[in-house]
Amino acid sequence: MRDLLNLTAAQAVAAIKIGEADASELHALYRERAGTESINSYVSVGDAVTPESVDAPLAGVPIAVKDLFCVEGIETRACSKILTGYIPPYTATAISKLQEAGASYLGKTNMDEFAMGSSNENSAFGAVRNPWDESRVPGGSSGGSAAAVAAGLAPWATGTDTGGSIRQPAAFCGLVGLKPTYGAISRYGMIAFASSLDQAGPITRDVTDAALMLKYMQGKDEMDSTSTGMNEDVATPSNESLAGKKFAIPAPIDWSGVQSGVKEVFDIACKRIEALGGELTEVPLPHADYALSAYYVIAPAEASANLSRFDGVRFGERAADPTGLTDMYERTRGEGFGPEVKRRIMLGTYALSSGYYDAYYNRAQQVRTKILEDYAAAFANCDFIITPTAPSVAFGIGEKIDDPLSMYLGDLFTVPVSLAGLPAISVPAGLATSDGSAAVEPDADGALPVGLQIVAPHFKENALLDAAYAFEKATDFADGPWTWSAS
């Protein structure tokens with residue numbers, strides 16, 4: 001029998017259906033491994049399960065769930081102290097759809113508190129370690145999900161992406177991370193950070209698994225008025241050619257903040273695309289330089305409104321022995337939220353305050369519209385837009401924790417896509433040295449993964465997955481980057 005823990009989710013589904021693997025045994029093996037991990041990727045592990053049927057589409061394959069998704073009867077905290085003891089009475093639509101398709105709940109994964117962060121160091125449960133190098137971050141905010149999959153602690157996992165929180169950790173951990181079109185997957189049951197940006201999606205070992213997971217997560221939901229579902233069924237990617245497809249690089253890109261090894265891997269990826277028949281071109285995105293500024297007005301503004309509900313009255317923990325209502329509010333929020341969450345609440349509250357709304361929030365939304373128009377014009381002349389996923393390889397734990405601006409710049413390539421609500425995928429493109437200075441071969445000591453971001457027009461997920469699949473098959477990562485992780 002094959003090593004069950006080395007199977008991708010799609011392979012596990014197939015193995016269970018033909019009787020080559022047992023779903024209960026597979027779940028037990030992952031539970032056992034997750035219970036002994038050293039990278040802090042899980043905050044809780046679920047009970048043993050007995051799958052009801054091997055005929056279900058996902059056939060009892062276990063799935064790790066980011067702690068931002070509500071699961072009925074299981075403490076859900078968004079990795080914040082303020083939600084200690086919160087047991088949701090319902091399950092998020094995205095998770096219930098996966099369970100209805102046969103996936104079995106494996107456990108809750110660690111994350112940046114309320115999904116705010118790019119390193120997974122802002123968690124009430126402590127920092128997550130990157131399985132490629134445990135002195136480094138896995139990326140955030142879905143870092144626990146990415147680390148769990150990269151370390152072989154789960155075959156796949158759910159993530160959420162507000163400004164890059166699926167794609168960046170996928171890139172840092174050598175995985176595939178897909179952010180679908182905004183609205184393709186219901187946000188019902190996801191604890192809100194920035195409602196006009198939040199989007200659920202898969203973190204997987206390969207592109208085929210990403211397509212499989214999206215197929216069963218997507219769909220219009222009457223419980224979420226912003227959900228749309230997909231325009232077409234999600235197909236299994238199979239095309240290994242890029243012939244006739246135009247891939248555009250935004251021009252000009254300021255490469256000064258990008259590590260030379262990341263740039264080198266990106267250049268190699270461009271040559272691979274051409275070798276597969278793709279045509280490289282350039283497109284202008286003239287307002288992309290303003291994206292980070294706009295994002296860090298819009299996202300904190302929405303966060304300040306969404307997190308106002310956590311006050312010690314309705315959810316989670318309450319400060320002990322308050323002297324009055326105001327004291328209870330102030331101390332509950334002061335003691336319950338971490339530093340990064342407080343920073344963003346203050347930024348957002350200021351941006352929305354009387355006299356500043358037009359100068360900040362309204363202006364940022366105008367910039368967002370310009371960015372959306374830029375992408376629409378660009379896609380009139382190309383099929384996909386490509387960039388590195390992140391400007392650096394995974395950095396050291398604690399290296400940027402006191403420099404939030406430097407941390408925010410790590411979202412340079414992912415944030416514009418989020419503001420436009422476009423689908424994008426990060427696929428492993430190669431390896432660079434640990435200081436990011438040069439591209440290296442797969443067997444090099446201390447090498448760290450670099451991701452390629454591919455962006456498509458709205459609701460073109462099938463074309464996006466086909467392109468990513470063709471690229472994946474042409475790289476050294478085709479057999480699974482997780483097998484190279486530290487063990």
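User: Before strand pairing is discussed, what counts as a pair?
Analyst: Two strands pair if DSSP finds at least two bridges between them. Strands are DSSP runs of E with at least two residues, and helices are runs of H or I with at least four, numbered from the N terminus. This is a predicted model in which local features need pLDDT of at least 70 and side-chain atom pairs count only at pLDDT 80 or more, while totals for chains, interfaces and linings use all residues. Residues are numbered from 1 along each chain as its sequence is written, and side-chain values use heavy atoms, with hydrogens and water left out.

User: How many bridges join strand 10 to strand 12?
Analyst: Strand 9 (residues 384-388) runs antiparallel to strand 12 (residues 448-455), with Pro388 bridged to Leu452. Strand 10 (residues 424-432) is also antiparallel to strand 12, and Ile425 has Ile454 as its bridge partner. The number of bridges joining strand 10 to strand 12 is 8.

User: Is Ala157 buried or exposed?
Analyst: Ala157 lies in strand 4 (residues 156-161). Beyond four places in sequence, its contacts (heavy atoms within 4.5 Å) include Ile63, Val149 and Met213. Buried means under 20% relative accessible area, exposed over 50% and partly exposed in between, with a 1.4 Å probe and protein chains only. At a relative accessible area of 0%, Ala157 is therefore buried.

User: Which residues of helix 6 make the contact with helix 1?
Analyst: The axes of helix 1 (residues 9-17) and helix 6 (residues 207-217) come within 8 Å and cross at roughly 70°; axes are lines fitted to C-alpha atoms over the stretch in contact, with angles from 0 to 180 degrees between N-to-C directions. Helix 1 contributes Ala9, Ala10 and Val13, and helix 6 contributes Thr208, Asp209 and Leu212.
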